[in-house]
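Please look through the sequence and the 3D structure shown here, and keep both in view while reading the briefing that follows.

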Amino acid sequence: MYARSSTFRGSPDSIDAGIEFVHSEVLPTILVMDGCVGLSMLANRETGQCITVSAWHSLESRTDSETEVSDLRARTGERLGTTPEVNQWEIALLHRDHRSQGRGRARTTWVQTDPAEIDRLVDFVKTTTLPTLDEVPGFCSTSLFIDRGTGNGVVAVIFDDPAAEENSRETARVLREKVVNETRVQVLDVEQFDVALAHLHVPELV
């Protein structure tokens, strides 16, 4: 399966307008597109940064949706007061313990490696990250998106609430140190977001 992410670095004052537009206009439009497997939105009310993610059954369905989605993306950017950065991904892994309810909180970890070594990252997340997260209180789900052409990737972990995310940070720090030491991965950034919209229906991929 495949995904497309759009990162909007706007103003905190525009967050609510952006979330409302995505919920009322983007979501119902994109869900009826051929091959769409859902949409999610993460928002940081302190920085004004938002990320929308759409998932697709195939590379073809993602490509065929681009014209219509690009219009929705531009209109979302107008509400948020910014032009988005767009990334195309392969969904390498997805593991869900349960869906977040209400006040879900997300942590995203952006990484980069040699494209020839990308499968080492996938193996690490599968064999080390997933079993560790399954033991963390308040853990909901995790996904790994990769770009085999550039070696870029992002791990997104969802928790029941902000407290569960905060309490897991030491575990996350240890995992980051371990992946750096055991693979050729470079950690680029770590960010926290509220789960503003959770309508991704990607099945278990492990």
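From strand β3, the residues Q49, I51, V53 and A55 point one way while C50, T52, S54 and W56 point the other way, and all of them are buried, where buried means under 20% relative accessible area, exposed means over 50% and partly exposed lies in between, computed with a 1.4 Å probe on protein chains only. This is a predicted model, in which local features need pLDDT of at least 70 and side-chain atom pairs count only at pLDDT 80 or more, while totals for chains, interfaces and linings use all residues. Residues are numbered from 1 along each chain as its sequence is written, and side-chain values use heavy atoms, with hydrogens and water left out. Helices (H or I, at least four residues) and strands (E, at least two) are DSSP runs, numbered from the N terminus.

**The barrel**

- Eight strands close into a barrel, and their order is β1-β3-β2-β8-β5-β7-β6-β4, with antiparallel pairing; two strands pair if DSSP finds at least two bridges between them.
- On average, neighbouring strands of this sheet are turned by 30° against each other, with direction ignored.

**Strand β3 and its partners**

- Eight of the eight residues of β3 are buried, so this strand is largely enclosed by the rest of the structure.
- On one side, β1 and β3 pair in the antiparallel sense over eight bridges, and T7 has I51 in β3 as its bridge partner.
- Strand β2 (residues 36-44) is also joined to β3 (residues 49-56) by eight bridges, and these two strands run antiparallel.
- Within β3, W56 is the bridge partner of C36, and Q49 is the residue that stands opposite N44.
- The strands β2 and β3 form a hairpin with four residues between them, and in the turn G48 has a positive phi of about 85°.

**Strand β5 and its partners**

- Seven of the eight residues of β5 (residues 105-112) are buried, so this strand, too, is largely enclosed by the rest of the structure.
- Strand β5 is joined by eight bridges to β7 (residues 152-159), the two running antiparallel, and T108 has A156 in β7 as its bridge partner.
- Eight bridges also join β5 to β8 (residues 186-200), again with the strands running antiparallel, and here V190 in β8 is the bridge partner of T109.

**Helix α1 with the sheet and with helix α3**

- Helix α1 lies across β2, β3 and β8 and runs at about 175° to β2; axes are lines fitted to C-alpha atoms, for helices over the stretch in contact, and angles run from 0 to 180 degrees between N-to-C directions.
- Helices α1 and α3 (residues 66-80) pack at an angle of about 165°, and their axes are 8 Å apart.
- These two helices, α1 and α3, are therefore roughly antiparallel to each other, given that angles under 35 degrees count as roughly parallel, over 145 as roughly antiparallel, 65 to 115 as roughly perpendicular and the rest as oblique.
- The contact (heavy atoms within 4.5 Å) is made by residues including F21, V22 and E25 of α1 and L72, R75 and R79 of α3.
- By class, the contact of α1 with α3 has nine nonpolar, three polar and four charged residues; Ala, Val, Leu, Ile, Met, Phe, Trp, Tyr, Cys and Pro count as nonpolar, Asp, Glu, Lys and Arg as charged, and the others, Gly among them, as polar.

**Helices α4 and α6**

- Helix α4 (residues 118-134) packs against helix α6 (residues 169-182) at an angle of about 150°, with axes 11 Å apart, and the two are therefore roughly antiparallel to each other.
- Residues that make this contact include R120, L121 and F124 of α4 and L175, K178 and V179 of α6.
- By class, four nonpolar, four polar and three charged residues take part in the contact of α4 with α6.

**Two buried residues**

- S14 is found in the loop between β1 (2-9) and α1 (15-31), and counts as buried at 11% relative accessibility.
- Not counting residues up to four places away in sequence, S14 touches R79 and L80.
- I146 has its place in strand β6 (residues 139-147), and at 1% relative accessibility I146 counts as buried.
- Leaving aside neighbours within four places in sequence, I146 is in contact with several residues, among them W89, I118, L121 and N152.
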